[in-house]
Amino acid sequence: MATEALQLTPSQTVGPYYSIGMTWPDGSYVVPVGTPGGFWIRGRVYDGDGEPVPDAVVESWQADPEGRFHHPDDPRSTSVGDWRGFARAPTDAEGRFAIYTVKPGPVPGPDGTTQAPHLAVSVFARGLLNRVVTRLYFADEGELNAADPVLASVPDERRRTLLAQPAAEDGYRLDIRLQGEDETVFFAV
């Protein structure tokens, strides 16, 4: 009779199959192309050595333009046509991702505060045991960003890692750095 104790199975990283198994053809679209106010958020995901991550998945969740989440946990929620508020975009061979969306409205924050328009962003990639979670704020929302309690909790010199910059071509740009110099601010959730 064996007397050996069973050992824990080691944790596994998500691996390159993740971007294959989690995405779908219109996953990068929060709203259909042609939606009034629609634009692209583009960026690249980089690893700790500054190399592009070709097999990551960038997932976003956001409120609608009126600042409502279409979810049972938001008592202000209403169901509106093609709105899903969610996107899941794989990166390409150069680490590029793109999400087509509209700007969310401000949402209620803790203790009667208001949170600036933002997207909740998760990144899944090789080498990660769990997703990393961050936020994407819009650099052209200066007044609302200054009053946002979550953004205010981030040290001044690190806030820029969360600010998507207007891009001349068709929307905004924000690169995500998983480690190293200029690492994106990630939140414990």
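**Figure 1. Alanine 98 is part of strand E4.** This is a predicted model, where local features need pLDDT of at least 70 and side-chain atom pairs count only at pLDDT 80 or more, while totals for chains, interfaces and linings use all residues. Residues are numbered from 1 along each chain as its sequence is written, and side-chain values use heavy atoms, leaving out hydrogens and water. Strands (E, at least two residues) and helices (H or I, at least four) are DSSP runs, numbered from the N terminus. Is alanine 98 buried or exposed? Alanine 98 counts as buried because its relative accessibility is 17%; the cut-offs are under 20% relative accessible area for buried, over 50% for exposed and in between for partly exposed, with a 1.4 Å probe and protein chains only. Leaving aside residues up to four places away in sequence, alanine 98 touches Ser28, Trp40, Ile41, Arg42 and Ala89. (A touch, or contact, means heavy atoms within 4.5 Å.) Glycine 43 is 55 residues from alanine 98 in sequence, yet their C-alpha atoms are 6.7 Å apart in space.

**Figure 2. Here is a look into the largest cavity, with about 50 Å³ of space.** Rolling a probe the size of a water molecule over the atoms shows where empty space is left. On a 1 Å grid over the protein atoms alone, a cavity is a set of points where a 1.4 Å probe fits but cannot get out, and its lining residues have an atom within 4 Å of a point. Points are joined across faces, edges and corners, and the volume is the space filled by probe spheres set on them. How many cavities of 30 Å³ or more does the structure hold? There is one. Around the largest cavity you'll find Ile41, Val58, Ser60, Phe97, Ile99, Leu119, Val121, Leu136, Leu174 and Ile176. Strand E2 (57–62), strand E4 (96–101) and strand E7 (118–124) are the elements giving two or more residues to this lining. Sorted by class, the lining has nine nonpolar residues, one polar and no charged ones. (Ala, Val, Leu, Ile, Met, Phe, Trp, Tyr, Cys and Pro count as nonpolar, Asp, Glu, Lys and Arg as charged, and the others, Gly among them, as polar.)

**Figure 3. Valine 123 is one of the residues with the most contacts inside the largest nonpolar core.** A nonpolar core is a set of buried Ala, Val, Leu, Ile, Met, Phe, Trp, Tyr and Cys residues joined through side-chain atoms within 4.5 Å. At least two core residues each come from strand E1 (39–46), strand E3 (86–90), E4, E7 and strand E8 (132–138). Not counting residues up to four places away in sequence, valine 123 touches Val45, Ala56, Val57, Leu128, Arg131, Val132, Ile176 and Leu178.

**Figure 4. Leucine 151 sits in helix H3 (residues 149–152).** Leucine 151 counts as buried, since its relative accessibility is 4%. A second, separate core of seven residues includes this leucine, along with Ala116, Leu162 and Leu163. Beyond residues up to four places away in sequence, leucine 151 touches Tyr137, Asn145, Arg159, Leu162 and Leu163. Glutamine 115 and leucine 151 are 36 residues apart in sequence, with 8.6 Å from C-alpha to C-alpha.

**Figure 5. Histidine 118 belongs to strand E7.** Histidine 118 is buried, with a relative accessible area of 9%. Setting aside residues up to four places away in sequence, histidine 118 touches Gln62, Pro104, Val107, Arg135, Leu136, Tyr137 and Phe138. Follow the sequence for 27 residues from histidine 118 and you get to asparagine 145, with the C-alpha atoms of the two 9.3 Å apart.

**Figure 6. Aspartate 111 has a positive phi, near 55°, though it is a residue other than glycine.** This aspartate lies in the loop between strand E5 (107–108) and strand E6 (114–115). Aspartate 111 counts as exposed because its relative accessible area is 82%.

**Figure 7. Aspartate 182 isn't a glycine, but its phi is positive too, at about 60°.** Look for aspartate 182 in the segment after strand E11 (176–177). At 33% relative accessibility, aspartate 182 is partly exposed.

Terms used
On a 1 Å grid over the protein atoms alone, a cavity is a set of points where a 1.4 Å probe fits but cannot get out, and a pocket is an open set with protein on both sides within 12 Å along at least five of seven lines; lining residues have an atom within 4 Å of a point.
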